[in-house]
Amino acid sequence: MSGIDANDIYRAEGPDGLRVAFDHGRGGVDVPHKGPLVSATPYRWIDPASIPPRQWLFDRHYIRRFLTATVSGAGVGKSSLALLDAVSMASGRNLLTGAQIRPVRVWYWNGEDPQEELQRRIAAIARHYGLTEADLGGRLFVDSGRNTQIKVALDDRQRGVTINRPTVESATETLLANRIDVSIFDPFVSIHAVAENDNGAIDTVAKELAGIADRCNCSVETIHHVRKSNGAEMTADDARGASSLIGAARSVRVANPMTADEAARADINPAERRLYFRVDGGKANMAPPSAASVWRRLVGVSLGNGTSTYPEDSVGVVTAWAWPDAFKGLTTEDLRAVQAKVAGEKWRADVQAKAWVGRAVAEVLGLDSDSVVDKARIKSLLKTWTANGSLAEVERLDDETRKSRRFVEVGTWA
């Protein structure tokens, strides 16, 4: 094909079934080509009401026929969260909310822990939430990589990155035979043997997992680590290694541990803050991002399996936890009293100012504006009252400096 610009070539069916490369009048060259000819499909206009809806299986994260991911640092609770999700889906009950959901068949595979450790974790979940064997209904499947290895892709010097077809086909047969709706592979690094920083290699693995989800009509979730953060907050972009996995996943959750500052504002014992973590939507191609983070707390559950040699096991189980409600115990009369105080003097919006409006709130409600916990509560109250129009920020000249400052006045009286 010497002399032919690749940008000027298109292919068509030639004599004897060969693909012919045409160079816009400069002659054609027979090019052997195996497989179907690539072609474009005309768009067929369709009534939107006739398009099948996306099949969300749980928590607006797990979705049939797509790859999803959960990422976080070590020891935050991502595996505990994934197992709780698995038990919730199999039992037909959202264990964090108590809501009934449609039960589905779930396969949880862990590439690091032995089978008996997975049994401990599931037993702890069942004990804490009062589940019985009948609640799971034979819909939960659990395997350890120590007994059942899964390597979707391999890398060697001779052939480069290749899909491990025997393993992929075996896993596919297992998914289909057991009618699995959701498969969770934990962690991602354990299901492949390619360079983690190689975008092309990781893309191959991710696309194969997405292909399995499509062929098996199931959701494929993988749990992935983030790089070392030195205490900084993690996002989906901080997932360890190549970015191809996050690019291929349709929904990505990020779990961040509670920071020291958050613990102080929530009045959490510093020694216990590692038991709390926040789950954010790091990426959601299939749904709008969540308006607020959700918090989780790990509680220890004793299994009662102690012996004369070893003490009983205590296993961390994920539970729901809500940030302290700033409005708990407050009434409309309290808001009116705050408004009356604000109306009687000039109060600044700047938290650093001596006449910060938060001091007026603290005086009326009996709070300490210098306390970390109370100050966080006051800020939350002011944010809500400003948003709903009960208070209003306005530009005014400072009487002393004659400079423009932001003051807080009464908006709409309660």
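Visitor: Where is N110 found?
Guide: N110 is found in strand 7, residues 106-110. Strands (E, at least two residues) and helices (H or I, at least four) are DSSP runs, numbered from the N terminus. A word on the basis: this is a predicted model, in which local features need pLDDT of at least 70, side-chain atom pairs count only at pLDDT 80 or more, and totals for chains, interfaces and linings use all residues. Residues are numbered from 1 along each chain as its sequence is written, and side-chain values use heavy atoms, with hydrogens and water left out.

Visitor: Why is N110 called buried?
Guide: Buried means under 20% relative accessible area, exposed means over 50%, and partly exposed is in between (1.4 Å probe, protein chains only). N110 has a relative accessible area of 1%, so N110 is buried.

Visitor: What makes the link between N110 and D186 a polar contact?
Guide: A polar contact is a pair of N or O atoms within 3.5 Å; within protein, one must be able to donate a hydrogen and the other to accept it, and residues adjacent in sequence count only if both atoms are side-chain atoms. The side chains of N110 and D186 are joined by such a contact at 3.5 Å. The side chain of N110 also reaches the backbone nitrogen of D113, at 2.8 Å.

Visitor: Which residues are in contact with N110, leaving aside its neighbours within four places in sequence?
Guide: Contact means heavy atoms within 4.5 Å. With those neighbours left aside, N110 is in contact with L118, D143, S144, G145 and D186.

Visitor: Which phi does R179 have, and where is R179 found?
Guide: R179 has a positive phi of about 55 degrees although it is not a glycine. R179 is in the loop between helix 4 and strand 11. With 55% relative accessibility, R179 counts as exposed. R60 is another non-glycine residue with a positive phi, of about 50 degrees, and R60 lies in the loop between strand 4 (56-58) and strand 5 (62-63).

Visitor: Why are helix 4 and helix 5 called roughly parallel?
Guide: Axes are lines fitted to C-alpha atoms, for helices over the stretch in contact, and angles run from 0 to 180 degrees between N-to-C directions. Angles under 35 degrees count as roughly parallel, over 145 as roughly antiparallel, 65 to 115 as roughly perpendicular and the rest as oblique. Helix 4 (residues 165-177) and helix 5 (residues 199-215) pack at about 30 degrees, with their axes 10 Å apart. The two helices are therefore roughly parallel to each other. In their contact, R165, V168, T172, L175 and L176 of helix 4 meet E208, I212 and R215 of helix 5.

Visitor: What makes helix 8 oblique to helix 9?
Guide: Helix 8 (residues 332-344) and helix 9 (residues 357-365) pack at an angle of about 130 degrees, and their axes are 9 Å apart. That angle makes helix 8 oblique to helix 9. On the helix 8 side the contact is made by D334, A337, V338, K341 and V342, and on the helix 9 side by V357, A360, V361, E363, V364 and L365.

Visitor: Which residues of helix 9 are buried, and what covers them?
Guide: V357, G358, A360, V361, A362 and L365 are buried in helix 9. Their cover includes helix 8, strand 17 (347-348), helix 10 (372-387) and strand 19.

Visitor: How do you know that E409 is partly exposed?
Guide: E409 has 30% relative accessibility, so E409 counts as partly exposed. E409 has its place in strand 19 (residues 404-410), and its side chain makes a polar contact with the side chain of R396 at 3.2 Å.

Visitor: And why does S72 count as buried?
Guide: S72 is at 0% relative accessibility, so S72 counts as buried. S72 has its place in strand 6 (residues 67-72). Not counting residues up to four places away in sequence, S72 touches K78, H224, H225, V226 and A255.
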